[in-house]
Amino acid sequence: PHRHGGRAPRDRPAPPARLIGPRQPRGVAGLAACVLVLAALATPLGPASPVSALWAAAAAGVGVGLLPRTGWIGLGATGIGWLVASGEPGAALILALAIAPVPLLLRQAPWEWSAPALGPGLGALGLAVAFPALAGRCADAWQRVALGALGAWWLTLAEPLYGTRLLFGPPPGTLSRAGWEGSVPDAITHAVLPLLGGPVLLLAGVWAAAALVMPWVVPGRAGIGRALGAIAWTTGLVAATGVLGVGAGGPGTGSVLLGAAAAVGLALARSPGRAGAPAGPGVA
């Protein structure tokens with residue numbers, strides 16, 4: 001080992017792990033877009049697609065793989081246009097509100113632009129509170145903040161869009177989708193404004209803050225300190241999320257426990273690129 005003045009250097013906490021390792025190939029961006037399109041058409045996001053879901057997903061994957069930023073923005077514009085052409089401009093507004101902040105906030109890694117969809121995806125499994133742990137695995141601090149906030153934003157927008165409870169449920173005053181999907185003014189009055197009057201902005205702030213501090217609360221070195229840090233971080237996340245949900249409802253105790261367990265596991269997980277790597281600068 002290298003010595004400095006006859007003394008071994010102190011261990012430094014390892015920098016946070018990337019979601020998929022140090023490289024971010026275009027293929028990952030294409031694959032993420034492909035999965036996103038398949039999920040959107042399977043839920044379903046709108047009326048029956050005029051194109052096969054597999055063909056649409058393949059086209060999205062190729063386009064985003066070749067031109068990650070341009071392809072992803074074009075994919076979002078296509079989805080919005082599809083809903084408008086299908087007579088659902090109100091639903092198109094909700095989709096636009098979800099898509100618009102993504103390129104602005106997640107500038108550095110286009111493959112992560114589809115990652116906010118994991119917010120409602122985990123919510124559908126009763127694991128919504130685990131999403132900030134995924135966001136916390138990004139290497140860049142701003143990416144952690146942005147992805148944590150966007151996961152909460154997409155999750156909350158998906159609840160009135162699909163009329164289901166993913167975390168707190170559609171806020172009071174929200175009509176079913178049939179009551180506003182055909183009109184932008186109705187969508188603003190009966191979906192967007194009730195949403196903004198709820199805890200969505202506070203939830204986005206809590207999840208962004210949790211994702212930001214996760215690498216510092218959960219040390220890079222394996223050991224009891226790492227486990228205790230993950231448990232403490234998850235406890236704070238669940239408690240803060242629960243406080244925001246007082247009076248709004250939320251998932252049952254079983255879902256909270258499952259989500260917390262998943263969050264602890266994700267916080268403790270190490271990416272393959274870091275397995276066995278020494279702590280210190282330059283490890284990603």
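**Confidence first**

Guide: The mean pLDDT of the protein chain (pLDDT is the predictor's confidence in each residue, from 0 to 100) is 83, and 83% of its residues reach 70 or more. This is a predicted model, where local features need pLDDT of at least 70, side-chain atom pairs count only at pLDDT 80 or more, and totals for chains, interfaces and linings use all residues. Residues are numbered from 1 along each chain as its sequence is written, and side-chain values use heavy atoms, leaving out hydrogens and water.

Visitor: Where is the pLDDT below 50?
Guide: Residues 1-6 are one such stretch, with three contacts in the model beyond near neighbours in sequence (contact means heavy atoms within 4.5 Å). Residues 8-23 are also below 50, and that stretch has 42 such contacts. Where pLDDT is low, the predicted coordinates should not be read in detail.

Visitor: OK, new topic. Which residues touch the most other members of the largest nonpolar core?
Guide: Trp-72, Trp-207 and Trp-233, out of 61 residues in that core. A nonpolar core is a set of buried Ala, Val, Leu, Ile, Met, Phe, Trp, Tyr and Cys residues joined through side-chain atoms within 4.5 Å; buried means under 20% relative accessible area, with a 1.4 Å probe and protein chains only. Helix α8 (residues 141-162) gives the largest share of this core, ten residues.

Visitor: Why is Trp-72 with Trp-113 edge-to-face?
Guide: Because their planes are at 85°, with the centres 5.6 Å apart. Trp-72 lies in helix α3 and Trp-113 in the loop between α5 and α6, so the pair ties together parts 41 residues apart in sequence. Both Trp-72 and Trp-113 are buried.

Visitor: And Phe-131 with Trp-207, what's the geometry?
Guide: Stacked: 6.2 Å centre to centre, 25° between the planes. Phe-131 is in helix α7 and Trp-207 in helix α10, 76 residues apart.

Visitor: Where's the kink in α10?
Guide: At Ala-211, about 25°, shortly before the proline Pro-215. That bend is the angle between axes fitted to the seven residues ending there and the seven starting there. The buried residues of α10 include Trp-207, Ala-211 and Pro-215.

Notes
Buried means under 20% relative accessible area, exposed over 50%, partly exposed in between (1.4 Å probe, protein chains only). Helices (H or I, at least four residues) and strands (E, at least two) are DSSP runs, numbered from the N terminus. Rings of Phe, Tyr and Trp (its six-membered ring) pair if their centres lie within 6.5 Å; planes under 30 degrees apart count as stacked, over 60 as edge-to-face and the rest as tilted.
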